Amino acid sequence: MRSAAALAAIALAWLSTTPALAVELPQETIQIGLSTDRVAITADFTGADLTIFGAIENSDPLLARQGRYDVIVALEGPTRPVVVRRKDRVLGMWINVDSETFDNVPSSYSVATTRPWQDIADPEKYRQLSLGANNLHIAPVDTTETPTTIAGFVAALRELKQKTGLYSERIGGVQFLSANLFRAKLLLAPDVPVGTHRARAFLFRNGVFIKETSAQLAIYKSGFEQAIYRFAMRHSLWFGIFAVVLAMITGWLGRVIFRKD
């Protein structure tokens, strides 16, 4: 029978040849909730702020205290086809000389970040995630145009969306309320389109993308505007005839009222 010392030696030798068991911590996840999941558009709507609350689960306490986590939140409107036209001066008049049609273009796009873009991740990662107005995938219907021409129309489309406030960003719009809880404020433009919008939250750790989650927001017209919108969608022909007749009556009344005797 082997002695206790020999058994201990054998056990020590076995442990020295056995690889160490690594303790794998659960990966971080992110959850978000909207302050409201429905926004009504009325006649006096001049834009609003949408607040999104979120939490990071299974976060590393040390990294959280050091501020190594970043969050980017984006609100993307329903996609629609868009026609971009280029005007040029011909015989003293500005007329449309060229156009490009794009399919599945987000009608609105609002984004908020914890820090400046360059301090969160590499630009290539944003392009892979299609994150940010400049990285949205906007493809033309006609792919026979030269890349330079397409790029020019895409740039004009983004510039037009930004001027109208439909594409916007807030650097620092995401703020941590504690080590794991955060709040984001996104801008809803005065002419934000109706439909189902999708809020997306992206979690980064030390510049590395970790996780994404999303939630939906319904934007709809309310009151008299909703009745007109519904009638125009369901009875477009009669709505067009009514609009023409109303314009004719308005013009006739204006001529009668302001007629010079």
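A walk through the predicted model

Searching the whole structure turns up one cavity of 30 Å³ or more. Keep in mind as you look around that this is a predicted model. The largest cavity has a volume of about 50 Å³. Its lining includes L75, Y109, L166, L188, V192 and H197. Two strands, β7 (109-113) and β11 (181-188), each supply at least two residues of that lining.

Let us turn to the aromatic rings. A pair of aromatic rings is described by the distance of the centres and the angle of the planes. There are six aromatic pairs in this model. In one of them, the ring centres of Y126 and F204 are 6.3 Å apart and the planes stand at 75°, so the pair is edge-to-face. Y126 belongs to helix α3 (residues 123-129) and F204 to strand β12 (residues 195-205), so this pair ties together parts that are 78 residues apart in sequence. Y126 is buried because its relative accessibility is 4%, under the 20% limit. F204 is buried too, with a relative accessible area of 0%. Both rings are members of a cluster in which ring pairs link W117, Y126, F202, F204 and F209.

Next come the charged side chains. Side chains of opposite charge can pair when their charged atoms come close. The whole structure holds seven salt bridges. One of them joins E28 and R205, whose closest N and O atoms are 2.8 Å apart. This pair links distant parts of the chain, since E28 sits in the loop between α1 (4-17) and β1 (29-34) while R205 is in strand β12, 177 residues away. E28 is buried at 5% relative accessibility, whereas R205 is partly exposed at 26%.

Strand β12 also carries R200, whose side chain meets that of E212 in a salt bridge (2.7 Å, N to O). E212 lies in strand β13 (residues 208-221), so the bridge ties together parts that are twelve residues apart in sequence. R200 counts as buried at 12% relative accessibility, and E212 is partly exposed at 32%. With E76, these two residues are linked in a network of salt bridges.

Finally, look at the surface. L237, W238, I241, V245, I249, W252, L253, V256, I257 and F258 form a nonpolar patch there, with about 1,100 Å² of accessible area together. One of these residues, L253, is found in helix α6 (residues 236-257). L253 is partly exposed, its relative accessible area being 40%.

How values were computed:
Residues numbered from 1 in each chain as written. Predicted model: local features only at pLDDT ≥ 70, side-chain atom pairs only at ≥ 80, totals over all residues. Heavy atoms only, no water. Patch = residues over 30% accessible without salt bridge, like charges linked within 9 Å, V, L, I, M, F, W, Y side chains within 5 Å. Areas by Shrake-Rupley, 256 points an atom, 1.4 Å probe, with all protein chains shown as cover. Salt bridge = Lys/Arg side-chain N within 4 Å of Asp/Glu carboxyl O. Helix = DSSP H or I, 4+ residues; strand = E, 2+ residues; numbered from the N terminus. Buried < 20%, exposed > 50% of the residue type's maximum accessible area, 1.4 Å probe, protein only. Phe/Tyr/Trp six-rings, centres within 6.5 Å; stacked < 30°, edge-to-face > 60°. 1 Å grid on protein atoms, 1.4 Å probe; cavity = no way out; pocket = protein on both sides within 12 Å on 5 of 7 lines; lining within 4 Å. Points joined across faces, edges and corners; volume = space filled by probe spheres on them.
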